[in-house]
Amino acid sequence: QVQLVESGGGEVQPGGSLTLSCAASGNIMAISSMGWYRRAPGKGRELVAVDTSGGTTRYADSVKARFTISRDHAKNTASLQMNNLKPEDTAVYYCNANLREAQGPYFSNYWGQGTQVTVSS
């Protein structure tokens, strides 16, 4: 059974930094992309950053130049370095992986349980 486990959330003051980590485990054949989404209170889920199998990265305009996604393909992990955090970054952050299980013929989306990030003075 595939699992995505996130860590690294917490509370930080504006201007501070946090690093989120995500580890995918289970009988995984291949991972196409790994990324991070977030859901702020009263809002829908939005893409924060994604790293594709081709090495392309994409960021939400609101986090460009502040957040950096990195991925270790050998370890099936992804990280999100968040700098200069703002109160509007407060949200539950979810790790996402588009992957194929060893027994399955298709790629599907998998989600972590979410980790809370709170930016407050």
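A charge is taken to sit over a ring if NZ of Lys or CZ of Arg is within 6 Å of the ring centre and within 35 degrees of the ring normal. By that criterion Arg 45 lies over the face of Tyr 37, at 5.9 Å from the ring centre, and Arg 45 also lies over the face of Trp 111, at 4.0 Å from the ring centre. The model is predicted, and local features need pLDDT of at least 70, side-chain atom pairs count only at pLDDT 80 or more, while totals for chains, interfaces and linings use all residues. Residues are numbered from 1 along each chain as its sequence is written, and side-chain values use heavy atoms, with hydrogens and water left out.

Rings of Phe, Tyr and Trp (for Trp, its six-membered ring) pair if their centres lie within 6.5 Å, and planes under 30 degrees apart count as stacked, over 60 as edge-to-face and the rest as tilted. By this rule the count comes to one aromatic pair. The ring centres of Tyr 37 and Trp 111 are 5.0 Å apart and the planes stand at 70 degrees, so the pair is edge-to-face. Tyr 37 lies in strand β4 (residues 28-39) and Trp 111 in strand β10 (residues 107-111), so that the pair links distant parts of the chain, 74 residues apart. Here strands (E, at least two residues), like helices (H or I, at least four residues), are DSSP runs numbered from the N terminus. For accessibility, buried means under 20% relative accessible area, exposed over 50%, and partly exposed in between, with a 1.4 Å probe and protein chains only. Tyr 37, at a relative accessible area of 22%, is therefore partly exposed, and Trp 111, at 33%, counts as partly exposed.

Five bridges join β9 to β10, which run antiparallel, with Ser 108 in β10 as the bridge partner of Leu 99, and β9 and β10 form a hairpin with five residues between them. A further antiparallel pairing, over three bridges, connects β9 with strand β11 (residues 115-119), where Gln 116 in β11 is the bridge partner of Val 92.

Within β9, Asn 98 deserves a separate look. Its relative accessible area is 18%, so Asn 98 is buried. The side chains of Asn 98 and Asn 109 are joined by a polar contact of 3.3 Å, a term that covers a pair of N or O atoms within 3.5 Å, where, within protein, one must be able to donate a hydrogen and the other to accept it, and residues adjacent in sequence count only if both atoms are side-chain atoms. If neighbours within four places in sequence are left aside, Asn 98 is in contact (heavy atoms within 4.5 Å) with Ile 31, Ser 32, Ser 33, Phe 107, Ser 108 and Asn 109. Met 29, which is found in β4, is in contact with Arg 100, Glu 101 and Ala 102, again leaving aside neighbours within four places in sequence. The C-alpha atoms of Met 29 and Gly 104 are separated by 8.7 Å, although these residues are 75 residues apart along the chain.

Cys 22 belongs to β3 and Cys 95 to β9 (residues 91-101), so the pair links distant parts of the chain, 73 residues apart. Cys 22 counts as buried because its relative accessibility is 2%, and Cys 95 is buried as well, with a relative accessible area of 0%.

In a regular strand the side chains alternate between the two faces of the sheet. Five bridges join strand β1 (residues 3-7) to β3 in an antiparallel arrangement, in which Ala 23 in β3 is the bridge partner of Val 5. Six bridges join β3 to strand β8 (residues 77-82), and these strands also run antiparallel, with Thr 19 opposite Gln 81 in β8.

Key. Pairing = 2+ DSSP bridges.
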